[in-house]
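Hi everyone, thanks for making the time. I'd like to walk you through one structure today, so please have a look at it while I talk.

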Amino acid sequence: MYKYNDFDEAFVHSRNAQFRSQVERRVDGSLTEDEFKPLRLMNGLYLQLHAYMLRVAIPYGTLDSAKMRQLAYLADRWDKGYGHFTTRQNIQYNWPKLSDVPDMLDALADVEMHAIQTSGNTIRNVTADHFAGASADEIEDPRPIAELLRQWSTDHPEFQFLPRKFKIAVSGSPTDRAVTRAHDIGLRMVRNDAGEPGFEVIVGGGLGRTPMIGKVLRAFLPKADLLPYCEAIVCVYNLLGRRDNKYKARIKITVHENGLDKIRELVDARFAQIRPEFSGVDQEHLAEIERHFAAPDFISASTAAYETTRNVNPAFRSWSDTNLSAHKNPEYAIVTVSIKAHGQTPGDATSEQMRVMADLAEQYGHDELRISHEQNVILPHVHKKDLPAIYAALKDVGLATANIGLISDIIACPGMDYCALATARSIPVAQQIATRFDELKLEHDIGELKIKISGCINACGHHHVGHIGILGLDRAGVENYQITLGGDGTENAAIGERAGPGFAYDEIVPAIERLVLGYLDMRLDAEEPFLQTYKRLGAAPFKAVLYPEAIKKNAA
Amino acid sequence: MSQNFAPKIVTANHLVEGDVIYLTADGDWSRNHRDAEFITDETHAVIRLGFAEAQQERVVGAYLADAKLGPDGPAPIHFREDFRSRGPSNYRHGKQSELTNV
């Protein structure tokens, strides 16, 4: 866990003091809304449908128990007792008052957190693999690099007014759990022929109204070149990116319009220019950061209690089958705590739940927690002997749902229940799908299936990379939902294809049910997941189950 | 009523609370949609919007929204305005927790 140095602390406190003064001047009428809006957005404060919303950065999704408890404290003191974990590993508070926000930011600073650059046309929170430092398949922990990028990008004078927002994701593993191919810059750690670790640099990915899979700008970049190379990319984008049209301003369009070769040529030229200016200070600093991320002191003990509980408690067995992942230490497991209880709002945790997770991290998990882009919470380092106790504690507060990677583990953006940009609701659709498949008791038979729901074309719910994606739109004043099929957010990233005409609000859940029941009929066997069946058979049979009336009409 | 003018109300968010508010005929603001001034004249709508926008120290983001006359007063037409007048559908955290007749 990175600990602030004196500079970091002074910077965040002075920024908070500035914002406190800006809020005072807005309230007393010295600043107009036009003057104030860019200032509040730079500090993560939005105005949504019903209230303000404060988006707090959780850098690369990493927390300790003190930070998690403080998030719970903010929820109780200044919000309505809960927070919403987002698809960019942040947390959002939906009900703060403008006059309370400076106090909230000060309370965050007390635990080395902030809301800087969680909005605006800047480099946003750097996201990372939520299993970083723990997973069995990792080359190196990507978080030191993510922290270096965070420090470099925070208040970077050249990059405060980019053509549009800019998102960077880092994965330390060839298995991509950070959706690197859907980011402005994606960094995926790989090894070269000599076995040295470096990064595959992906550029120009993004979802939104023009979804694009990122392209490989450099197949292998030595670690030492990472910061100047990223700076070169953002420099090129800052000059070349379009500022005449908001919808064509992201780097994906810059890459698409200019071509990858041209971008590479410009980036290489800029890189050659600035590389000598990086005297090695960044590497010294990186080495210092890396010390903050030393692996915990793993213990060694018998795992018999885990095996015994699995044998005698079917509910625990089911939970451990779905919610555990392989840890690099065979005596340990990575626990994914589902924030997707059937019928609840995906990603919403109450203050009580946050405190329980903080306690569990402190007692059993080497004091580490992560937020995943799939809106769940991770205990990355848990000795297997402690799993039964953790399961029991989670169960007491409604956090033991055994559904990770299954149909009810749905990503959903806040949609029109909160968001001012949304064109339809997302949350109730997610709630109803989860509830329906829980009633059908088919969830575990269906197996791995990622449903992702966005309430508008901006695609915060990542619907394009859902195996089943749902996009909520406003069609002539009525909510309408389009289905996309075959999306994939992993290292084999793919954009889903639109299945056909959209469905009304009361038709979308039955449509998903037809689709999934159809898949059960079509799959080769129980081992073939939805996405594989889709790839094997193509869209046609899935469209046939979605639109039976169209098939009848064509046959008539 | 002006020809081809769809009736409107003026709505905004409260500067400090962030809550959805509606401009009333007497120039005050209400948290309840049915208290809004029902505007049927385009010129009057422009004047009332200007009046709202001038209250920088009190409101944010004033705009005109389509409305219809219901039994209790002006009611929203578009579902977005309907949600704004009630609150989110996943919790009773918005106006629905405070208003009696919704």
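Predicted model: local features only at pLDDT ≥ 70, side-chain atom pairs only at ≥ 80, totals over all residues.

**A walk through the model**

Where does Thr210(A) sit? You'll find Thr210(A) in the loop that runs between strand 9 (197–203) and strand 10 (215–222) of chain A. If we set aside neighbours within four places in sequence, Thr210(A) is in contact with Lys252(A) and Ile253(A). For a sense of scale, take Tyr519(A), which is 309 residues away from Thr210(A) along the chain: their C-alpha atoms are separated by 28 Å.

Now let's step back to the whole of chain A. Chain A is divided into four pieces: domain 1 (6–109), domain 2 (142–291), domain 3 (309–396) and domain 4 (411–555). I'd like to pick out domain 1 and domain 3 of chain A, whose C-alpha centres lie 28 Å apart. Their contact takes 21 residues from domain 1 of chain A and 20 residues from domain 3 of chain A. On the domain 1 side, the elements giving two or more residues are strand 3 (62–63), helix 3 (65–78) and strand 4 (82–85) of chain A. Helix 3 of chain A provides the largest share of that side, 7 residues. Sorted by class, this side of domain 1 has 8 nonpolar, 9 polar and 4 charged residues.

On to the partner chain.

Last stop, the interior. In soluble globular proteins, nonpolar side chains tend to be buried together. Here the largest nonpolar core has 168 residues, and the members touching the most others are Ile233(A) and Met357(A). Helix 6 (residues 226–240) of chain A gives this core its largest share, 9 residues. Not counting residues up to four places away in sequence, Ile233(A) touches Ile185(A), Val203(A) and Val267(A).

That's my tour; I'm happy to go back to any part of it.

Conventions
Residues numbered from 1 in each chain as written. Chains lettered and ligands numbered in written order. Domains from an automatic or database assignment. Contact = placed C-beta atoms within 7 Å. Helix = DSSP H or I, 4+ residues; strand = E, 2+ residues; numbered from the N terminus. Nonpolar A, V, L, I, M, F, W, Y, C, P; charged D, E, K, R; others polar. Core = buried A, V, L, I, M, F, W, Y, C linked by C-beta atoms within 7 Å. Buried ≥ 20, exposed ≤ 12 C-beta atoms within 10 Å, placed from the backbone.
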